[in-house]
Amino acid sequence: MSQDSPTPMQPLRSTFLDDPEMAELASIFVAELPDHVRTLESAIAQREWDGLRRASHRLRGAAGGYGFQPISDAAGQLEDKLRELTKPPETDADLALVAARLRELVALCNRATMAS
């Protein structure tokens, strides 16, 4: 199956797996993903919407740059949803949608690996 449509439990690998220089940098990125996830989860738990938007924006750029486009896309969807809201997500529907986007993003982050 392609990088664009990984199955839910399939490891997510960088497109730079075969590039020694980029693979080393991408490996560092993968090692730092748990910190990114904690930042995102802390922001939503504290309802720190600007912090959640900024963290998703940073992850969006970094993930794409290290060859993890599905993570970049999911972070972008979260960031875009937070930007769409005219005020902080206070309705149950808005909160549920933001939480769902975050769960999808975290699931992808948890599947990222540099193993071949």
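Modeller: The crossing of helix 3 and helix 4 is left-handed. Keep in mind that the model is predicted.

Biologist: What makes helix 3 and helix 4 roughly antiparallel?

Modeller: Their angle. The axes of helix 3 (residues 69-84) and helix 4 cross at roughly 165°. The cut-off for roughly antiparallel is over 145 degrees. The value passes that cut-off, and therefore the two helices count as roughly antiparallel. Their axes come within 9 Å.

Biologist: Which residues of helix 3 meet helix 4?

Modeller: From helix 3, Pro70, Ile71, Ala74, Ala75, Gln77, Leu78, Lys81 and Leu82 take part. From helix 4, the partners are Leu97, Val98, Arg101, Leu102, Glu104, Leu105, Leu108 and Cys109. The residues of this contact divide into 12 nonpolar, 1 polar and 3 charged.

Biologist: Lysine 81 lies in helix 3. How do you know whether lysine 81 is buried or exposed?

Modeller: By its relative accessible area, which is 13%. Buried means under 20%. Lysine 81 falls under that limit, so it is buried.

Biologist: What is lysine 81 in contact with?

Modeller: With Leu97, Val98 and Arg101, once neighbours within four places in sequence are left aside. Those residues belong to the helix 4 side of the contact with helix 3.

Biologist: Turn to helix 2 and helix 4. At what angle do they pack?

Modeller: At about 35°. The axes of helix 2 (residues 49-65) and helix 4 (residues 92-111) are 13 Å apart. Helix 2 passes helix 4 in a left-handed crossing.

Biologist: Which residues meet there?

Modeller: Trp49, Leu52 and Leu59 come from helix 2. Leu95, Val98, Leu105 and Cys109 come from helix 4. The contact holds 7 nonpolar residues, no polar and no charged.

Biologist: Now the rings. How many aromatic pairs does the structure hold?

Modeller: The structure holds 2.

Biologist: Why is the pair of phenylalanine 29 and tyrosine 66 called stacked?

Modeller: The ring centres lie 5.2 Å apart, and the planes are at 25°. A pair needs centres within 6.5 Å, and stacked needs planes under 30 degrees apart.

Biologist: What makes phenylalanine 29 count as buried?

Modeller: Its relative accessibility is 3%. The limit is under 20%, so phenylalanine 29 counts as buried.

Biologist: And why is tyrosine 66 called partly exposed?

Modeller: Its relative accessible area is 26%. Partly exposed lies between the 20% limit for buried and the 50% limit for exposed. Tyrosine 66 falls in that range, so it is partly exposed.

Biologist: Why is the pair of phenylalanine 29 and phenylalanine 68 called tilted?

Modeller: Here the ring centres are 5.8 Å apart and the planes are at 35°.

Biologist: Where is alanine 23, and what makes it buried?

Modeller: Alanine 23 is in helix 1. Its relative accessible area is 14%, under the 20% limit, so it is buried. Alanine 23 touches Phe16, Leu17 and Met114, not counting residues up to four places away in sequence.

Biologist: Why is threonine 15 called exposed?

Modeller: Its relative accessible area is 54%. Exposed means over 50%, so threonine 15 is exposed. Threonine 15 lies in the loop between strand 1 (12-13) and helix 1 (20-45). Its C-alpha is 9.6 Å from that of methionine 114, 99 residues apart along the chain.

Biologist: What is the phi of arginine 47?

Modeller: It is near 55°, a positive value in a residue other than glycine. Most residues other than glycine have a negative phi. Arginine 47 lies in the loop between helix 1 and helix 2.

Biologist: What makes arginine 47 partly exposed?

Modeller: Its relative accessible area is 45%. That is between 20% and 50%, so arginine 47 is partly exposed.

Definitions and conventions. Residues numbered from 1 in each chain as written. Predicted model: local features only at pLDDT ≥ 70, side-chain atom pairs only at ≥ 80, totals over all residues. Heavy atoms only, no water. Helix = DSSP H or I, 4+ residues; strand = E, 2+ residues; numbered from the N terminus. Buried < 20%, exposed > 50% of the residue type's maximum accessible area, 1.4 Å probe, protein only. Axes fitted to C-alpha atoms, helices over the stretch in contact; angles between N-to-C directions. Left-handed = near helix turned anticlockwise from the far one by under 90°. Contact = heavy atoms within 4.5 Å. Nonpolar A, V, L, I, M, F, W, Y, C, P; charged D, E, K, R; others polar. Parallel < 35°, antiparallel > 145°, perpendicular 65-115°, else oblique. Phe/Tyr/Trp six-rings, centres within 6.5 Å; stacked < 30°, edge-to-face > 60°.
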